[in-house]
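Colleague: I am new to reading structures like this one. Could you walk me through a few features, one at a time?

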Protein chains: 2
Amino acid sequence: MPDSLRNFKAEIFQALGHPTRIAILQELKRGELTVNGFVERLGLEQANLSQHLAVLRARQMVVTRRAGNQVFYSVRDPLILEMLDLMRRYVVRQVDEAVARVEETERAEEGER
Amino acid sequence: MPDSLRNFKAEIFQALGHPTRIAILQELKRGELTVNGFVERLGLEQANLSQHLAVLRARQMVVTRRAGNQVFYSVRDPLILEMLDLMRRYVVRQVDEAVARVEETERAEEGER
DNA sequence: CATCAATATAAGAATATTCGCATATAGTTG
DNA sequence: CAACTATATGCGAATATTCTTATATTGATG
């Protein structure tokens, strides 16, 4: 694979690699939202949210629509949301496996006595 | 969603957010590989690769198997590889759209003359 | 136009990531 | 055990990310 493509992929993954930006995208699953909307839903500083939104904008992961005073954000390509869904499946599986390992250990310790 | 889950997701995404680690995982699609294998395939420093592998190990995204002198790495959960596939689809779509936009612009400029 | 509300940007401090180089560890073999 | 091979780790410098605070920009409204 060409380096440039790999760098591009890495930039997208990296943009996804922050809890606040994940929260932003999850809110956008429900539809578009203004910056103030994010502030209210997530309880974070406006400037901070603007900066995280700027990261997503720079990578064209979100698009904006201006309506008077406000700016509505939405996800540009739903594949981004699919990435989040896939990650959710991954997390669920990891947690399940971790629980299973703990239970296995407990059974083993039970047998020890 | 609980914060801890979001942080966990962010950590995985962040681990995916480096070109070298993407390259490592892509190599692992073909099967397990030793550190020296990565060095040869990717042409990077051994220490550097070990460090990137340590990042993937810390997040349990890869597992190791020791055979004598060598350590074989492999992907722990194939869902990680699905993430890469999904990202590939995303990149292809973005490139296609970008090309389409350029062509559209060219048509518009053609009409201008 | 003065003011207000919504959003974006700038600047600096704190922290984290990445890389190169040196060195440590573990297993192998003579 | 000495030498060798494969891999991991420690450390410092360079760079990047993140947050907070202050300020700039943009559109709306009296």
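Colleague: Which residues does A:Leu16 touch?

Modeller: Two residues are in contact if their C-beta atoms, placed from the backbone, lie within 7 Å. Leaving out residues up to four places away in sequence, A:Leu16 touches A:Arg21, A:Ile22, A:Met83 and B:Phe13. Keep in mind that this is a predicted model, where local features need pLDDT of at least 70, side-chain atom pairs count only at pLDDT 80 or more, and totals for chains, interfaces and linings use all residues. Residues are numbered from 1 along each chain as its sequence is written, while chains are lettered from A and ligands numbered from 1 in the order in which they are written.

Colleague: Which members of the largest nonpolar core touch the most other members?

Modeller: A nonpolar core is a set of buried Ala, Val, Leu, Ile, Met, Phe, Trp, Tyr and Cys residues joined through C-beta atoms within 7 Å. Buried means that 20 or more other C-beta atoms lie within 10 Å of the residue's own, again placed from the backbone. Here the largest core has 40 residues, and A:Phe13, A:Leu16, A:Ile24, B:Phe13, B:Leu16 and B:Ile24 touch the most other members. Among the elements that each supply at least two residues of this core are α1 (3-16) and α5 (79-112) of both chain A and chain B. Helices (H or I, at least four residues) and strands (E, at least two) are DSSP runs, numbered from the N terminus.

Colleague: How many residues does each chain bring to the contact?

Modeller: Chain A and chain B bring 28 residues each. On the side of chain A that touches chain B, α1(A) gives the most, with eleven residues.

Colleague: In what order do the strands of the chain A sheet lie?

Modeller: Strands of a sheet pair through backbone hydrogen bonds, either parallel or antiparallel. Two strands count as paired if DSSP finds at least two bridges between them. In chain A, an open sheet of three strands has the order β1-β3-β2, with antiparallel pairing. β1 (33-34) and β2 (62-67) of chain A are at the edges with a single partner strand each, so one side of each has no neighbour in the sheet. Six bridges link β2(A) to β3 (residues 70-75) of chain A, and A:Arg65 stands opposite A:Phe72.

Key: A residue is buried if 20 or more other C-beta atoms lie within 10 Å of its own, exposed if 12 or fewer, and partly exposed in between; C-beta atoms are placed from the backbone.
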